[in-house]
Amino acid sequence: MRAPITLSLHVPNFNYPGVPPEAIFEKLVEIATTAESSGFSGLTVMDHLHQIPGIGPRTNHMFEGNVMLGALAGRTSRLNLGLLVGGVMYRNPALLAKMTTSLDVISGGRAILGLGAAWFEEEHRAYGFDFPPLRERFEHLEDALQIARLMFTEDEPSFTGKHHSISNVLNNPRPLRGDIPIMVGGSGERKTLRLVAKYADACNVFGDVEQVKHLMGVLDGHCADVGRDPSEITRTRMAPVFIDPDDAAARRKFEASGTDPRRAAMALAGGPERIAEGVQKLRDAGIEGLTISLPDVHDTGLVRLAGETIAPLVA
């Protein structure tokens, strides 16, 4: 099934000026409902347990993502909700499929399953999770993708993979749409995009416009190899967005952000007109949906401005 992703707000940070821990959730509700009313189609949170480099200090606040999504499901009505993306080593894949189905039912059919091979070794070590070599993590990911689809679509499936299995597993109640969209995150050309072609309903890639064009061609090639119609896959990209009614002010925020070169290459910075130009370039490169992060996401006026600027361009 096509993933209903046009414009999603990604929230990777939970430390906001003047917001103590006991008020964080209500602030997130304010952010989410503002996004919902200004054109966003979805909201995602990270699947991390420590804050990651490039976003904030290691000791910053971090929530278990599925719990947070379940709570936000009860306070929103239209946003699609998911992890960007779930780390495959953090949970038994059958349990994750059950958790995602529970979110789907709670939210009235708005869950999206995001999955990736996981990368943050320090976090795995801290929590005692296995962190095998990348090749093996991709084997776990392929097992998890197959198990999830079976549990979303079949009544009592069994499956034996390289690392994980299910036996006459029940997943009742069923997903409300008969299935749940699956997104695989990452830009790996040989493995990640091939798994997208074989199993996923959406990809979420990184890179500048030229890299995105290249990756879309790679994905088309994998689809041809596995006999998949490439139009079945929703193509999305991450984009840090520095927006302000004043173009110069937005550019100054971007320049002062200290954003690392990789993220800087993906950023959109400026007033609404400049942001729109950047979005159109991504659309021309083959991107159908955007997942954006806002450094000042606690400023709901900027959340609204971003939604009202970008949503009409990707609807």
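With a relative accessibility of 13%, N66 falls under the 20% cut-off, so this residue counts as buried. That value, like every other one here, comes from a predicted model. N66 sits in helix α2. If you ignore its neighbours within four places in sequence, N66 is in contact with L83, R91, L96 and M99.

The elements α2 (65-73), β3, α3 (93-107) and β5 each bring at least two residues to its lining. By class, the lining has six nonpolar residues, four polar ones and no charged ones.

Is L113 buried or exposed? Its relative accessible area is 4%, so L113 is buried. Leaving out residues up to four places away in sequence, L113 touches L96, T100, A148, F152, I180, P181, I182 and M183. Now follow the chain from L113 to G128: these two are 15 residues apart in sequence, and their C-alpha atoms are 24 Å apart in space.

How many cavities of 30 Å³ or more does the structure hold? There are three. The largest cavity has 14 lining residues, and I5, S8, T44, I112 and M183 lie nearest its centre. Two or more of the lining residues come from each of β2 (42-45), β3 (80-83) and β5 (111-116). Of these elements, β3 gives the most, with four residues.

In the largest pocket, 35 residues form the lining, and H48, I52, W119, F206 and R262 are the ones nearest the centre. At least two lining residues come from each of α5 (134-153), β8 (182-185) and α9 (261-266). The largest share comes from α5, which supplies four residues. The second largest pocket is lined by 19 residues, with G54, I55, R263, L294 and P295 closest to its centre.

Here are the spaces next to each other:

| Space | Volume | Lining by class |
|---|---|---|
| Largest pocket | About 860 Å³ | 19 nonpolar, 11 polar, five charged |
| Second largest pocket | About 320 Å³ | eight nonpolar, eight polar, three charged |
| Largest cavity | About 90 Å³ | seven nonpolar, seven polar, no charged |

Next up is α10, which runs over residues 272-284. You can check its length yourself. A helix is expected to span 1.5 Å times one less than its number of residues. For the 13 residues of α10 that gives 18 Å, and the end C-alpha atoms are 18 Å apart, so the two agree.

Which residues of α10 are buried? They are I275, G278, V279 and L282. Looking down the helix axis, you find these buried residues within an arc of 100°, so they line one face of α10. That buried set packs against α7 (209-226), β10 (234-243), β11 (268-270), β12 (289-293) and α11 (300-314). Turned away from the buried side is a face that carries the exposed residues E273, K281 and D284. After α10 comes G286, which has a positive phi near 110°.

Where are the cis peptide bonds? One runs from L84 to V85, with omega near -20°, and V85 is in the loop between β3 and β4 (86-87). Another joins N172 and P173, with omega about 5°. P173 is placed in the loop between β7 (165-166) and β8.

That loop between β7 and β8 also holds N168. N168 is not a glycine, yet its phi is positive, at about 50°. With a relative accessible area of 44%, N168 is partly exposed. A118 has a positive phi too, near 70°, and is likewise a residue other than glycine. You can find A118 in the loop between β5 and α4 (121-127). At 14% relative accessibility, A118 counts as buried.

Note on methods
Residues are numbered from 1 along each chain as its sequence is written. This is a predicted model: local features need pLDDT of at least 70, side-chain atom pairs count only at pLDDT 80 or more; totals for chains, interfaces and linings use all residues. Side-chain values use heavy atoms; hydrogens and water are left out. On a 1 Å grid over the protein atoms alone, a cavity is a set of points where a 1.4 Å probe fits but cannot get out, and a pocket is an open set with protein on both sides within 12 Å along at least five of seven lines; lining residues have an atom within 4 Å of a point. Grid points are joined across faces, edges and corners, and a volume is the space filled by probe spheres set on the points. Ala, Val, Leu, Ile, Met, Phe, Trp, Tyr, Cys and Pro count as nonpolar, Asp, Glu, Lys and Arg as charged, and the others, Gly among them, as polar. Buried means under 20% relative accessible area, exposed over 50%, partly exposed in between (1.4 Å probe, protein chains only). Contact means heavy atoms within 4.5 Å. The arc is that of the directions from the helix axis to the C-beta atoms.
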